[in-house]
Amino acid sequence: MNILSVASEVYPLVKTGGLADVVGALPAALSPHGIRTRTLVPGYPAVLQKLKKKKKVGSFANLFGSPASVLAADLDGLDLLVLDLPTLYERDGGPYVDATGRDYVDNFRRFAALSLAAAEIAAGDVVAGWKPDIVHVHDWQTALTPVYMRFGRAASTPTVMTIHNIAFQGQFGPEVFAELALPPEAFSMQFVEYYGDVGFLKGGLQTANAITTVSPSYAQEILTPEFGMGLEGLLKSRLSDLSGIVNGIDADVWNPASDPLIAQHFSATTLKQRGANRRAIEERFGLEQGNGPIFCVISRLTWQKGMDLLAEVTDEIVAMGGKLIVLGSGDTALEGALLAAASRHRGHVGMVTGYNEPLSHLMQAGSDAILIPSRFEPCGLTQLYGLRYGCVPVVARTGGLADTIIDANEAGLSAKVATGFQFTPVNADGLRLAIRRVFRAYNEPKVWARLQTQGMKSDVSWARSAERYVSLYSGLLGKG
Ligand SMILES: Nc1ncnc2c1ncn2[C@@H]1O[C@H](COP(=O)(O)OP(=O)(O)O[C@H]2O[C@H](CO)[C@@H](O)[C@H](O)[C@H]2O)[C@@H](O)[C@H]1O
């Protein structure tokens with residue numbers, strides 16, 4: 001079976017968040033099932049520079065006003081197709097924002113072009129001798145693909161649309177419609193029209209044959225006004241096509257027994273060796289040495305991720321004898337509040353702003369617990385990395401966090417199945433109570449070690465979820 005996966009980022013070439021990890025890891029998990037995935041991504045400078053050997057396999061005479069090429073390349077087992085379209089992708093900033101952090105004004109055009117290219121590739125007209133059996137698109141940036149397919153020559157090829165975060169919908173003013181090269185009837189409720197605007201995600205959710213999101217709990221949550229962000233009605237009308245498949249992680253990239261980015265390797269039977277990693281993070285974040293638990297946070301600094309709640313509890317963590325280290329960037333007010341906590345509690349709270357992949361590995365290897373107080377979380381990956389690294393997750397009971405962590409309540413502890421701490425309600429008091437529970441467990445070394453080893457034994461690989469995608473794909477092809 002051939003799949004065309006279409007996304008705006010893919011690890012290890014370009015990553016701003018969890019989307020890249022999933023798009024980068026799923027193909028290898030599907031391959032033992034006889035599924036061959038080709039992944040189409042935009043030709044950002046970072047992508048073109050990192051791919052040394054690339055071959056032109058197709059072209060467009062005119063894609064949104066410019067000629068474009070499709071390049072093929074292999075990287076770490078990924079079979080990539082790159083849309084080389086310099087007028088839209090050769091920019092100084094990131095994939096979505098310019099060097100000053102502002103959205104590119106032509107993002108609608110940049111991602112409509114990616115979607116249109118995908119639809120044409122799906123029709124078999126671009127890459128000679130290759131045509132996918134199924135097209136799988138991710139998030140709003142690629143959500144117009146099934147819309148273009150519906151009105152183009154690949155209307156009969158099945159499509160899957162995965163929602164990684166429904167908060168980002170790609171909504172633009174009605175004036176952009178004229179530029180999208182869609183027929184007039186596409187500007188209607190059944191397609192891209194969304195409260196008078198153009199909604200990319202909305203169009204994808206209306207037209208894809210199957211809709212998935214990245215955990216079963218989030219699949220239920222987005223049917224409610226609290227989490228559906230305006231799309232709950234549409235999703236309810238598509239209930240029989242909606243499912244939640246929890247994310248896995250790349251167990252080779254995230255393996256504490258062989259990770260080249262950490263100070264000392266360890267496994268569930270050699271937990272003491274985490275000590276060298278603890279010392280490395282103490283040094284990196286300027287922490288005083290001591291015995292209390294070190295909490296870490298690796299996150300976009302946003303309201304979604306509950307970073308305002310974190311800022312509210314830092315004094316308490318320190319008062320109880322704990323330490324906190326934060327890696328992240330985002331909202332400047334939240335960044336300021338956390339930097340202020342770090343200067344108030346020098347030696348006990350440390351913060352590194354920005355994006356730093358190697359440091360994120362070292363933090364998971366050396367911290368005792370990872371805090372994830374998200375208000376909503378479609379799946380979450382950092383709690384899965386935490387499980388694998390013996391860094392006990394402390395999570396809000398929402399979305400994929402609720403689906404992947406087993407709470408250390410009395411029942412969970414006595415059955416020896418607990419892997420972390422869940423809390424609700426998701427507010428500062430809820431988080432405070434959870435932190436107190438962490439201190440109590442941490443002060444009982446046997447209980448703590450069992451939480452760590454139980455977590456390290458959890459199956460966080462892609463194996464089970466890959467099977468769910470295989471049956472979804474097979475069902476769409478009538479082979480289920
Ligand atoms: N400053 C920093 N430096 C280095 N690394 C950093 C970092 N900040 C974050 N990261 C990394 O970025 C990734 C974040 O993934 P998440 O799943 O936690 O959230 P995100 O909201 O990006 O993804 C969305 O899509 C994913 C994938 O489906 C869902 O799991 C999630 O719930 C949804 O919100 C992790 O790999 C993390 O280690």
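Start at the ligand and select lysine 15: an N or O atom of the lysine 15 side chain sits 2.8 Å from a ligand oxygen. That is a polar contact, meaning a pair of N or O atoms within 3.5 Å; within protein, one must be able to donate a hydrogen and the other to accept it, and residues adjacent in sequence count only if both atoms are side-chain atoms.

Before moving on, note that this model is predicted: local features need pLDDT of at least 70, side-chain atom pairs count only at pLDDT 80 or more, and totals for chains, interfaces and linings use all residues. Residues are numbered from 1 along each chain as its sequence is written, and side-chain values use heavy atoms, with hydrogens and water left out.

Select asparagine 247 next. An N or O atom of its side chain is 2.9 Å from a ligand oxygen. Then pick glycine 354, where a backbone N or O atom is 2.9 Å from a ligand nitrogen. Taken alone, the ligand exposes 710 Å², and the protein buries 95% of that. Those areas come from the Shrake-Rupley method with a 1.4 Å probe; for residues, only the protein chains shown count as cover.

Now show the whole shell. It holds 28 residues, the closest being Asp21, His164, Arg300, Glu377 and Gly380. Colour by type: 10 are nonpolar, 12 polar and six charged. Here Ala, Val, Leu, Ile, Met, Phe, Trp, Tyr, Cys and Pro count as nonpolar, Asp, Glu, Lys and Arg as charged, and the others, Gly among them, as polar.

Which element gives the most to this shell? Helix H1 does, with four residues. Helices (H or I, at least four residues) and strands (E, at least two) are DSSP runs, numbered from the N terminus.

Go to proline 12, in the loop between strand E1 (2–6) and H1. A cis peptide bond joins tyrosine 11 to proline 12, with omega about 5 degrees. Proline 425 is in the loop between strand E18 (421–423) and helix H17 (428–442). Most peptide bonds are trans, and most residues other than glycine have a negative phi.

**Positive phi**

Select aspartate 76, in the loop between strands E4 (66–75) and E5 (78–84). Its phi is near 45 degrees. Aspartate 76 is exposed, at 68% relative accessible area. Buried means under 20%, exposed over 50%, and partly exposed in between (1.4 Å probe, protein chains only). Tyrosine 195 also has a positive phi, about 50 degrees. Look for tyrosine 195 between strands E9 (193–194) and E10 (197–199). Tyrosine 195 is exposed at 67%.

**A cysteine pair**

Select cysteine 296 and cysteine 391. Cysteine 296 is buried at 0% relative accessibility, and cysteine 391 is buried at 0%.

**Two last stops**

Threonine 162 is in strand E7 (159–163). Threonine 162 is buried at 1%. Beyond neighbours within four places in sequence, its contacts (heavy atoms within 4.5 Å) include His136, Asp139 and Tyr469.

Finish at arginine 284, in helix H10 (274–284). Arginine 284 is partly exposed, at 43%. Leaving aside neighbours within four places, arginine 284 touches Val352, Asn356 and Leu359.

Terms used: Near = heavy atom within 4 Å.
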